Amino acid sequence: MSVIYILITVSICVAVLFLGAFIKAVKSGQYDDDYTPSVRMLFDDELIKEKPNQFIQKEKPKSI
């Protein structure tokens, strides 16, 4: 029976921790932008630019 009390106490502590993190995120303005996510899908193709991979080295021909 004492294990149930420990589990309830731990779960309440975790819930309070997540609530505090959520309130901090809301106060810091993380959820303020409502417009951009709705139009981001319309401009997805224009934002993606392929860059040449500069780290690929070409193989040198092997001498026999």
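Guide: What follows is a set of questions about labels, each answered with a value and a cut-off.

Guide: This is a predicted model, in which local features need pLDDT of at least 70 and side-chain atom pairs count only at pLDDT 80 or more, while totals for chains, interfaces and linings use all residues. Residues are numbered from 1 along each chain as its sequence is written, and side-chain values use heavy atoms, with hydrogens and water left out.

Visitor: What makes up the fold of the chain?

Guide: The chain has three helices and zero strands, in the order α-α-α along the sequence. Helices (H or I, at least four residues) and strands (E, at least two) are DSSP runs, numbered from the N terminus.

Visitor: How do you know that α1 is close to its expected reach?

Guide: The expected span of a helix is 1.5 Å times one less than its number of residues. With 26 residues, α1 reaches 38 Å from first C-alpha to last, close to the 38 Å expected. Just after α1, Gly 29 has a positive phi of about 90°.

Visitor: Why is Ile 8 called partly exposed?

Guide: Buried means under 20% relative accessible area, exposed over 50%, and partly exposed in between (1.4 Å probe, protein chains only). Ile 8, in helix α1, has 44% relative accessibility, so Ile 8 counts as partly exposed.

Visitor: Why is Ser 28 called exposed?

Guide: Ser 28 has 58% relative accessibility and therefore counts as exposed. Ser 28 sits in the loop between α1 and α2 (36-40). Buried residues make up 3% of the 64 residues in the chain.

Visitor: Why is the pair of Phe 22 and Tyr 31 called tilted?

Guide: Rings of Phe, Tyr and Trp (its six-membered ring) pair if their centres lie within 6.5 Å; planes under 30 degrees apart count as stacked, over 60 as edge-to-face and the rest as tilted. The structure holds one aromatic pair. The centres of Phe 22 and Tyr 31 are 6.1 Å apart and the planes are at 40°, so the pair is tilted.
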